[in-house]
Amino acid sequence: MRLFLHIMLNCCAAVPLAADIAVAARNIRPGAVLTASDIILMRGEVQDGFGDTNGLIGLEAKVALYAGRTILTSQVTRAASVERNQIIKLIYAVDGLSMSTEGRALGRGAEGQRIRVMNLASKASIFGTIQRNGTVLVSK
């Protein structure tokens, strides 16, 4: 009975499965946008990583990624489409009325993120949401 129990415990114990994980092919600086040549797939075990390169290509490194180390989901983010100090188009739209002017981004961000911008005409600092085309939609 003891032998049977020993065999069952060793045979049926939860064993982590090895799978493909995304690993940095070279050292990557923070702020760099990942390309296919930056990523390789290796066999390994990780819970918070990427299993393929498709989800990583086009993302931006938040921290330094070192060659041979697993790329974790917490280490990458969507690539910024608006850079700090970039001149951008500000749009204010309400009830069918739309106004636009030039502004300066006071921060950097990706589509859908809220950033602070400065209206160049009035020098007022306001908040807006970055749109797909790089414009900023200003809210009240």
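Five strands, β5-β6-β7-β8-β9, come together in a closed barrel with mixed pairing. On average, and with direction ignored, neighbouring strands of this sheet are turned by 50° against each other. The model described here is a predicted one, and the mean pLDDT of its protein chain is 86. A pLDDT of at least 70 is reached by 86% of the residues.

Strands of a sheet pair through backbone hydrogen bonds, in either a parallel or an antiparallel manner. Here, β7 (residues 114–119) and β8 (residues 125–130) run antiparallel and are joined by 5 bridges. Arg114 illustrates this pairing, with Thr129 of β8 as its bridge partner.

Thr135 sits in the loop between β8 and β9, the latter spanning residues 136–138. Is this threonine, Thr135, buried or exposed? Thr135 counts as buried because its relative accessible area is 11%, against a cut-off of under 20%. The side chain of Thr135 makes a polar contact of 2.7 Å with the side chain of Asn133. Beyond its neighbours within four places in sequence, Thr135 is in contact with Lys89, Ile91, Thr129 and Ile130.

Terms used:
Residues are numbered from 1 along each chain as its sequence is written. This is a predicted model: local features need pLDDT of at least 70, side-chain atom pairs count only at pLDDT 80 or more; totals for chains, interfaces and linings use all residues. Side-chain values use heavy atoms; hydrogens and water are left out. Two strands pair if DSSP finds at least two bridges between them. Helices (H or I, at least four residues) and strands (E, at least two) are DSSP runs, numbered from the N terminus. Axes are lines fitted to C-alpha atoms, for helices over the stretch in contact, and angles run from 0 to 180 degrees between N-to-C directions. pLDDT is the predictor's confidence in each residue, from 0 to 100. Buried means under 20% relative accessible area, exposed over 50%, partly exposed in between (1.4 Å probe, protein chains only). A polar contact is a pair of N or O atoms within 3.5 Å; within protein, one must be able to donate a hydrogen and the other to accept it, and residues adjacent in sequence count only if both atoms are side-chain atoms. Contact means heavy atoms within 4.5 Å.
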